Amino acid sequence: MSGTTSEIKTYLNFIDGQWIPATSGKTCENRNPADTRDVVGIFQRSGAHEVNRAVEAAHRAFRSWSLTPAPRRAEILLKAASILEQKKEGFARDMTREMGKVLKETRGDTQEAIDCGHFFAGEGRRMYGLTTPSELPNKFAMATRQPLGVVGMICPWNFPMAIPSWKLFPALVAGNTCVIKPAEDTPLSVYNFVSALVEAGVPNGVINIVTGHGGEVGGPLMEHPLVRAISFTGSTDVGRIIGESCARSFKRCSLELGGKNPMIVLDDANLELALDGALWGAFGTAGQRCTATSRIILQKGIYKKFVDELVRRSKLLKLGNGLDEKVDVGPVVSQAQLETVLSYIEVGKKDGARLAAGGHRHEAGDCKHGYFIEPTVFAEVTPKMRIAQEEIFGPVVSCIECASLEDGIAIANDVKYGLSSSLYTKDVNRAFAAIRDLDAGITYINAPTIGAEVHLPFGGVKQTGNGHREGGIGSLDFYTEWKAVYVDYSDHLQRAQIDNRE
Ligand code: UN1
């Protein structure tokens with residue numbers, strides 16, 4: 001697997017339709033987390049200079065793109081979605097190689113971008129505004145959507161194509177131009193995605209890619225005066241910094257941040273279904289989803305049986321290179337992630353939780369070249385333990401006992417995050433009560449906390465975000481400004497709030 005220099009491709013920034021190296025002359029290596037001998041590509045380590053060029057290009061491209069009729073913009077999106085469909089398998093393989101998650105999941109990630117393209121291409125012929133009666137006679141009132149201008153996008157590595165698509169597709173159909181910073185660990189998938197858009201006909205300057213480190217690229221991007229909005233997905237700590245910076249310069253800012261997603265399983269639940277859901281929710285993507293099931297809150301009648309079976313099944317999961325179709329769980333994305341997750345496992349043990357399965361780095365055979373962690377189950381976790389409160393972002397799940405649905409919901413809500421949540425029960429009354437009472441942006445009934453579809457709003461409450469949603473038509477509210485329009489055809493001055501009162 002180890003590549004020689006001659007086989008390794010170097011990728012440049014994409015600015016104004018041109019491929020441009022970073023003036024720093026510095027680069028970053030993108031290595032395969034399943035086998036760090038494998039270099040996926042060399043990417044530019046850019047800085048403020050490249051950000052400025054990219055933002056200026058996007059700013060120049062804005063007028064012409066925003067004046068292109070939305071249905072025409074949508075045709076380009078639709079074409080990009082069909083190019084992604086044709087190239088899906090190769091792009092999924094590239095994604096597994098750079099990010100680690102198994103092939104069926106990277107196919108799903110690519111499919112999510114395709115779905116997103118279909119959805120927002122449809123918006124090109126809708127993007128509804130509203131008309132409403134005026135309070136004055138012979139006066140017409142309406143509200144339309146206007147693009148913002150240049151939007152900066154700062155992307156995470158766990159959904160290397162789906163999440164950039166949640167940002168780029170709605171921004172583009174609405175007529176904005178974009179500067180996108182891929183995650184350092186997964187830039188190739190953003191290149192693949194943008195290459196489909198460019199092949200489909202997105203004009204020069206409308207999308208620009210600048211790669212590099214967070215502070216060096218993301219910092220200048222969020223501070224640039226020509227950038228009108230920043231869309232960020234990542235950690236709550238970085239989100240706070242971005243939110244503060246955007247507030248100072250009055251930029252619109254969308255933050256999708258952490259989660260500590262609970263699955264509540266009541267005594268009456270279909271246990272087989274809940275176990276399948278728990279394994280998928282906790283260990284899919286090696287637990288590296290903002291929506292991962294990281295707490296399983298079990299009613300006391302089924303607690304022991306459920307934990308024993310979860311432990312048994314988690315030990316059967318096969319770890320390995322995600323390109324092998326027989327593998328269930330791939331590596332975590334990087335050395336830093338490996339260290340964070342292993343340190344949380346130590347915290348769990350020290351705080352008195354029972355390590356019931358996993359808990360170690362997995363280094364058997366070829367896995368010694370990658371960042372593999374055994375699927376880990378902690379039992380006898382209490383709600384205030386750090387492993388029950390803090391986002392771990394790895395294959396680690398905490399089992400907590402609860403007395404009743406009300407108790408389970410109280411435990412579920414008692415964290416700083418509120419992204420996804422789930423309840424397993426056969427009782428429809430309790431299901432609806434939980435839908436109302438779970439303090440989260442997403443609630444699943446009889447399904448795990450993962451599996452959001454692109455045409456519904458995605459996002460969370462409390463420290464998971466700042467109230468915006470990605471996916472669905474709601475995301476157009478982020479990528480457009482409302483303009484209220486009044487047309488007075490009375491031919492005389494009519495004063496609102498005054499003349500209609502006389
Ligand atoms: C994330 O959790 O980081 O809902 C994104 C899902 C995917 C997207 C998840 N469609 O699991």
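Modeller: The residues around the ligand are Glu112, Asn158, Phe159, Trp166, Arg289, Cys290, Thr291, Ile450, Gly451, Ala452 and Phe458. The model is a predicted one, and the values below are computed from it.

An oxygen atom of the ligand lies 2.7 Å from an N or O atom in the side chain of Thr291. With Cys290, the backbone takes part: one of its N or O atoms is 3.1 Å from an oxygen atom of the ligand. Gly451 likewise places a backbone N or O atom 3.0 Å from a ligand oxygen atom. On its own the ligand has 320 Å² of accessible area, and the protein covers 98% of this.

We may now turn to the spaces in the protein. Rolling a probe the size of a water molecule over the atoms shows where empty space is left. The second largest pocket has a volume of about 380 Å³. It is lined by 23 residues, and those closest to its centre are Glu112, Phe159, Arg289, Gly451 and Ala452. Glu112, Phe159, Arg289, Gly451 and Ala452 are also among the residues around the ligand.

Helix H4 (103-123) and helix H5 (162-173) each give at least two residues to the lining of this second largest pocket. The largest share, seven residues, comes from H4. Sorted by class, the lining of the second largest pocket has ten nonpolar, six polar and seven charged residues. Domain 1 (8-30 + 39-257 + 465-484) and domain 2 (261-445) each contribute at least three residues to this lining.

The largest pocket has a volume of about 1,000 Å³. Of its 38 lining residues, Trp157, Phe232, Gly234, Ser235 and Val238 are the closest to the centre. Helix H7 (214-223), strand S11 (227-233), helix H8 (236-248) and helix H11 (335-350) are the elements that give two or more residues to the lining of the largest pocket. In that lining, 18 residues are nonpolar, 13 are polar and seven are charged. For the largest pocket, too, domain 1 and domain 2 each supply at least three lining residues.

The structure holds four cavities of 30 Å³ or more, and the largest cavity contains about 90 Å³ of space. Among the 15 residues lining the largest cavity, Gly287, Arg289, Ala292, Ser294 and Phe393 are the closest to its centre. By class, this lining has six nonpolar, six polar and three charged residues.

- Arg289 is one of the residues around the ligand.
- Arg289 is among the residues closest to the centre of the second largest pocket.
- Arg289 is also among those closest to the centre of the largest cavity.

Definitions and conventions. Residues numbered from 1 in each chain as written. Predicted model: local features only at pLDDT ≥ 70, side-chain atom pairs only at ≥ 80, totals over all residues. Heavy atoms only, no water. 1 Å grid on protein atoms, 1.4 Å probe; cavity = no way out; pocket = protein on both sides within 12 Å on 5 of 7 lines; lining within 4 Å. Points joined across faces, edges and corners; volume = space filled by probe spheres on them. Helix = DSSP H or I, 4+ residues; strand = E, 2+ residues; numbered from the N terminus. Nonpolar A, V, L, I, M, F, W, Y, C, P; charged D, E, K, R; others polar. Domains from an automatic or database assignment. Near = heavy atom within 4 Å. Polar contact = N/O pair within 3.5 Å; in protein donor to acceptor, adjacent residues only side chain to side chain. Areas by Shrake-Rupley, 256 points an atom, 1.4 Å probe, with all protein chains shown as cover.
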